[in-house]
Amino acid sequence: MSQTLKPETAEHLLEVLKWAVAEKSSLDVRGNGTKQGFGRPMRTTHTLDLSGLSGIKVYEPHELFMTAYSGTPVADIEAALRQNNQQMAFEPADLGPLLGMAEGTGTIGGVIACNLAGPRRIQAGAARDHFLGFNAVSGRGEVFKSGGTVVKNVTGFDLSKLIAGSFGTLAVMTEATFKVLPAAEKTRTVLALGLTDTRAMKAMSQALGSANDVSGAAHLPAAQAARSGVSYVSGAGQAVTAVRVEGPGPSVEHRCQAIRGLWADKGAQLEELHSQNSAALWKEIRDVRLLDAAEGKQVWRVSVPPMEGAGVGGELLGASGGEVFYDWGGGLIWLAHDGCPDANHDQVRAAVAKAGGHATLIRADADVRGLVPVFEPQPGPLGDITRRVKQGFDPEGVLNPGRMVEGV
Amino acid sequence: MQMPQPDADVIARRAEIIKAMQGIISGEGVIADTDELRAYDHDGLMAYKGLPLVVVLPETTEQVSDILKYCHDNNVKIVPRGAGTGLSGGALPLADAITLGLGKFKKILEIDFDNRTVITQPGVTNLALTQAVEHEGFYYAPDPSSQIACSIGGNVAENAGGVHCLKYGLTTNNVLGIEMVLMSGEVVRFGGKHLDSGGYDLLGVANGSEGLLGVITEVTVRILRKPETARALLVGFPSNESAGDCVAAIISAGIIPGGMEMMDKPAIHATEDFVHAGYPLDVQALLIVELDGPEAEVEHLIERVDGIANQTGATYLKISQSDAEREVFWSGRKNAFPAVGRISPDYLCMDGTIPRHRLADVLKRVEELSQKYNLRVANVFHAGDGNLHPLILFDANQPGELENAENFGADILRYCVEVGGVLTGEHGVGIEKRDLMGEMFTEDDMNHQQRLKCAFDPAGLLNPGKVYPTLHRCAELGRMYVHHGKLPFPDIPRF
């Protein structure tokens with residue numbers, strides 16, 4: 001009979017995994033389950049609920065790291081960091097609402113397992129870049145660790161990179177250590193109104209290629225901008241291109257001026273958002289709140305070279321209809337279209353293949369996700385390596401079998 | 001240092017192997033003459049030497065693929081080699097292995113300012129990469145001190161660092177894609193000009209894999225726009241403790257400097273004698289703190305760091321007034337290794353990383369060990385990210401002194417691990433720290449790492465004898481020991 005196992009210590013977890021290996025059971029590994037709809041649907045014997053492994057274990061603000069148990073809610077971590085004016089600089093997206101779950105309930109283990117990031121990806125990196133080390137139990141039922149608490153560490157293979165983005169298919173973390181950094185004193189956003197997608201890519205590229213240390217660059221076509229809760233954005237009545245700068249006050253002012261100068265010849269109206277409004281807009285962008293993701297819509301996340309963004313976006317719209325918006329200077333495209341049995345995956349993959357990149361079907365009904373490859377297919381030797389890695393870490397297929405690829 | 005026993009069968013087949021290599025690479029790309037092989041008998045870890053079976057210098061990915069496929073089919077080992085500047089012996093040749101040099105992969109293939117990327121062959125030097133884009137005001141951020149000579153392929157293999165890591169990341173955070181030839185001869189691509197991966201992050205694990213997973217034949221990096229301005233403070237302290245306090249206070253104030261370097265008294269004196277950077281000689285510790293960014297930001301932060309330095313007991317403080325003066329501040333630190341080389345016939349450079357707040361404690365232990373082993377030591381320290389480089393001075397011509405110095409170094413690294421740090425921050429494990437891996441990792445930790453190796457190179461032909469003290473066969477690592485039984489913790493909550 002299917003059970004939900006909820007270990008409360010690392011020892012419990014080890015015993016559960018040893019037992020599952022011996023019983024040849026498979027486990028649906030989850031934190032708070034906010035991203036259960038992300039990935040291929042699985043048929044598992046039992047559920048492994050990690051929300052009992054919760055709490056901040058070590059937080060040393062002056063050493064710029066935190067160690068937390070894998071089931072710790074991100075909200076708890078962010079609250080502790082705020083008290084010391086620090087943050088997870090990679091700005092992990094909260095995909096809960098997009099996936100039909102509650103806001104603010106994800107865990108740190110989930111953030112790392114899905115290698116989440118936010119608009120600051122272009123400047124500060126993703127979860128993979130901030131994930132310093134872990135303790136885990138592999139699908140072999142063996143405890144192992146990798147990395148440490150320091151930023152500079154090349155001792156042995158960097159297994160943190162392997163675990164980040166492996167969707168719980170290789171090992172179950174008991175605790176994770178990640179970098180924390182000072183939160184910026186000030187944040188401001190420069191807006192350009194009415195640019196076409198193509199001109200917006202160029203404008204963002206200019207800003208990102210300038211010395212103004214841009215920490216976010218997004219382009220919202222008119223329909224998406226109109227959904228913003230920030231009145232300057234929703235009231236624009238046209239497309240909005242947004243570029244964010246953060247840092248000490250005088251520096252932020254200086255850089256906003258510089259970006260306005262860079263964009264002076266665009267013939268576009270320029271606006272500025274300050275602290276609250278700026279933060280609100282980037283949270284909407286981060287959490288994909290500006291797409292029409294009504295029930296029945298399917299949502300893709302597409303990563304391409306930034307300057308290819310508008311071209312690929314146009315092709316996607318031509319092939320599947322729906323709507324898009326752009327983050328990461330054009331390098332990240334969010335696409336939502338009406339649901340269909342194949343999620344238009346052939347068209348999506350063809351458009352991405354031409355530009356170079358990858359596409360992930362973030363949201364669709366389980367039966368669609370069971371038929372269509374959710375993650376970018378890994379052909380030939382890449383697929384072979386993937387299977388051999390899985391074989392090495394989880395030979396019996398105990399952990400989230402088939403979550404990413406059939407048979408892995 | 002025990003290396004794996006050379007395979008006599010492979011050595012006996014040397015002539016046949018050379019002929020096969022000449023069939024793949026024509027002309028001077030196959031080096032078999034003993035005198036010429038000597039140029040490849042060591043890397044930056046000079047204490048260890050050995051002649052390779054043969055050296056091959058391919059020029060194309062296809063040739064690399066053919067070489068690896070031949071070696072795979074004929075059970076011949078491969079030692080990949082970039083510029084040979086690595087400090088941990090990762091490119092140390094093996095008597096029964098082909099050393100595969102990437103020195104002829106010297107072209108920059110594409111510069112794309114709009115996407116802020118460069119695609120390059122792996123033999124291009126780190127500095128050449130920056131030089132290729134600086135006319136447009138761009139640069140490649142990771143800057144190991146060997147940047148004039150070290151190659152970008154080697155940087156990826158070692159996940160090289162530099163003085164700007166705290167703010168701009170290591171190699172792994174700045175590489176977007178690679179082309180790699182697997183031991184089977186198959187050519188794969190991880191990443192590209194886009195971000196992140198649609199599957200497992202194999203690009204991430206290739207970074208810092210020390211030539212054990214594949215041979216890198218192309219690299220895509222991100223480039224950054226040079227900051228508008230940079231200024232540095234040179235700050236002297238009466239003790240290592242107060243310098244350490246200053247570092248901690250700067251970080252605690254929410255400031256992430258572009259670079260933050262520290263030297264102890266012996267290092268200050270050695271470098272000052274060598275380059276005359278104008279360092280104060282009456283201080284115990286010296287910090288260089290560089291702030292970069294827009295003029296307004298740098299001004300603002302310089303003032304704040306100035307205040308913090310005074311509060312933490314600085315006895316000497318100078319702020320650079322020009323780029324030239326800033327370069328002078330750096331000249332001593334950047335020449336620390338050769339400066340120490342001048343005052344001692346030989347030196348060993350250690351590379352542990354420690355939690356920043358344990359610095360004074362670790363330096364005290366280094367001093368005690370210096371007395372115990374009766375060897376001098378000078379310390380330079382990437383204070384921002386906790387990466388410590390004690391330089392152990394010795395004379396290899398004195399019998400037993402190399403061994404003594406190595407034992408001293410090993411004791412330092414053990415202490416780094418004991419205080420919560422790691423064995424190597426940026427130089428790699430190679431052979432140098434191989435036998436210390438057990439100080440940091442359990443058998444199971446290392447076995448899981450080696451299972452990754454097995455996914456790439458099941459026959460274990462790539463760079464054997466490096467990084468891991470015990471070589472397990474992949475079949476043995478794959479075996480499962482399953483204990484059947486009931487769930488022994490009946491109290492685990494279940495629903």
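Modeller: Two residues are in contact if their C-beta atoms, placed from the backbone, lie within 7 Å. By that rule, 88 residues of chain B touch 87 residues of chain A. On the chain B side, helix 17 of chain B gives the largest share, 9 residues. Helices here are DSSP runs of H or I with at least four residues, strands are E runs of at least two, and both are numbered from the N terminus. This is a predicted model, in which local features need pLDDT of at least 70 and side-chain atom pairs count only at pLDDT 80 or more, while totals for chains, interfaces and linings use all residues. Residues are numbered from 1 along each chain as its sequence is written, and chains are lettered from A and ligands numbered from 1 in the order in which they are written.

Colleague: Which domains does chain A have?

Modeller: Domain bounds come from an automatic or database domain assignment. For chain A it gives domain 1 (1-183 + 377-408), domain 2 (186-286) and domain 3 (297-371). The C-alpha centres of domain 2 and domain 3 of chain A are 24 Å apart. Their contact takes 14 residues from domain 2 of chain A and 12 residues from domain 3 of chain A. On the domain 2 side, helix 7 of chain A gives the most, 6 residues.

Colleague: Is Gln398(B) buried or exposed?

Modeller: The test counts other C-beta atoms, placed from the backbone, within 10 Å of the residue's own: 20 or more is buried, 12 or fewer exposed, and in between partly exposed. Gln398(B) is exposed because it has 11 such neighbours. Gln398(B) sits in the loop between strand 18 (387-394) and helix 15 (401-418) of chain B. In chain A, buried residues make up 62% of the 408 residues.

Colleague: Which residues have the most contacts inside the largest nonpolar core?

Modeller: A nonpolar core is a set of buried Ala, Val, Leu, Ile, Met, Phe, Trp, Tyr and Cys residues joined through C-beta atoms within 7 Å. The largest has 274 residues, and those with the most contacts inside it include Ile163(A), Cys246(B) and Leu287(B). Beyond its neighbours within four places in sequence, Leu287(B) contacts residues including Val235(B), Cys246(B) and Ala383(B).
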